[in-house]
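Subject: Structure handover

Hi,

Here is the structure I promised to pass on. Please open it beside this email and follow along.

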Amino acid sequence: HHIILLPGAVPEKTWNAAKEWAESIGGELPDRVESALLFATMKDEFEEAWHWTREAYASDSGYAWYQSFNYGSQSSTHKSYEGSAVAVRRLIP
């Protein structure tokens, strides 16, 4: 599939608030693979901060994955923490 990065980003959102924001503009948070692809191909389009992915952390439901747009790493943090978010749409040819 193809991903389209929607315009705009939001800072300081919890994971749930970030998911709601993305849905409100007709998109959704990128998954971990899409986030890594965005870092590899469009890093300059992002604020150097960590951004939520749509993926919850499997071994602890209170955590979710994020993508660092400083260094390219991925890790998890508590869903109540506030991070940045972008939204994408998927096109399936």
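In which strand is Ala85 found? Ala85 sits in strand β6, residues 83-85. Helices (H or I, at least four residues) and strands (E, at least two) are DSSP runs, numbered from the N terminus.

Before the rest, some ground rules. This is a predicted model, in which local features need pLDDT of at least 70 and side-chain atom pairs count only at pLDDT 80 or more, while totals for chains, interfaces and linings use all residues. Residues are numbered from 1 along each chain as its sequence is written, and side-chain values use heavy atoms, with hydrogens and water left out.

**Overall layout**

The protein has two helices and seven strands. Along the sequence, the pattern reads β-β-α-α-β-β-β-β-β. The C-alpha atoms fill a box of roughly 35 × 30 × 25 Å, taken along the principal axes.

How does the radius of gyration agree with that of a compact globule? For 93 residues, such a globule would have a value near 12 Å, and the protein has 12 Å, which agrees. The radius is taken over C-alpha atoms, and the globule rule is 2.2 Å times the number of residues to the power 0.38.

**Buried residues**

Of the 93 residues, 37% are buried. Buried means under 20% relative accessible area, exposed means over 50%, and partly exposed lies in between (1.4 Å probe, protein chains only).

Go back to Ala85. Its relative accessibility is 0%, so Ala85 counts as buried. Ala85 and Leu29 are 56 residues apart in sequence, and their C-alpha atoms are 7.2 Å apart in space.

Now look at Ala64. This residue lies in strand β4, residues 63-68. Ala64 is buried too, because its relative accessible area is 0%. From Ala64 to Ala40 the separation is 24 residues in sequence and 21 Å in space, C-alpha to C-alpha.

Trp15 belongs to helix α1. At 5% relative accessibility, Trp15 counts as buried. Trp15 and Leu5 are ten residues apart in sequence and 18 Å apart in space, C-alpha to C-alpha.

**Salt bridges**

How many salt bridges does the structure hold? There are four. A salt bridge is a side-chain nitrogen of Lys or Arg within 4 Å of a carboxyl oxygen of Asp or Glu.

Start with Glu28 and Arg54. Their side chains meet in a salt bridge at 3.8 Å, N to O. The pair links distant parts of the chain: Glu28 is in the loop between α1 (15-24) and α2, Arg54 is in strand β3, and they are 26 residues apart. Glu28 is partly exposed, because its relative accessibility is 32%. Arg54 is partly exposed as well, at 34%.

Arg54 also meets Asp31 in a salt bridge, at 3.4 Å, N to O. This pair again links distant parts: Asp31 in the loop between α1 and α2, Arg54 in strand β3, 23 residues apart. Is Asp31 buried or exposed? Asp31 is buried, with a relative accessible area of 14%.

Next comes the pair of Glu34 and Arg90. The closest N and O atoms of this salt bridge are 2.8 Å apart. Glu34 lies in helix α2 and Arg90 in strand β7 (residues 88-91), so the bridge ties together parts that are 56 residues apart in sequence. Glu34 is buried at 4% relative accessibility. Arg90 is partly exposed, with a relative accessible area of 25%. Salt bridges that share partners join Glu28, Asp31, Glu34, Arg54 and Arg90 into one network.

**At the surface**

Which residues form a negative surface patch? Asp44, Glu45, Glu47 and Glu48 do. Patch residues have over 30% relative accessible area and no salt bridge; like charges are joined within 9 Å, and nonpolar side chains (Val, Leu, Ile, Met, Phe, Trp, Tyr) within 5 Å. Asp and Glu count as negative, Lys and Arg as positive, and His and the chain ends are not counted.

Glu48 is found in the loop between α2 (32-42) and β3 (50-56). Its relative accessibility is 58%, so Glu48 counts as exposed.

Last, find Glu12 in strand β2, residues 10-13. Glu12 is exposed at 58% relative accessibility. The phi angle of Glu12 is near 50 degrees, a positive value in a residue other than glycine.

Best wishes

Terms used
Areas by Shrake-Rupley, 256 points an atom, 1.4 Å probe, with all protein chains shown as cover. Charge placed at Lys NZ, Arg CZ, Asp CG, Glu CD.
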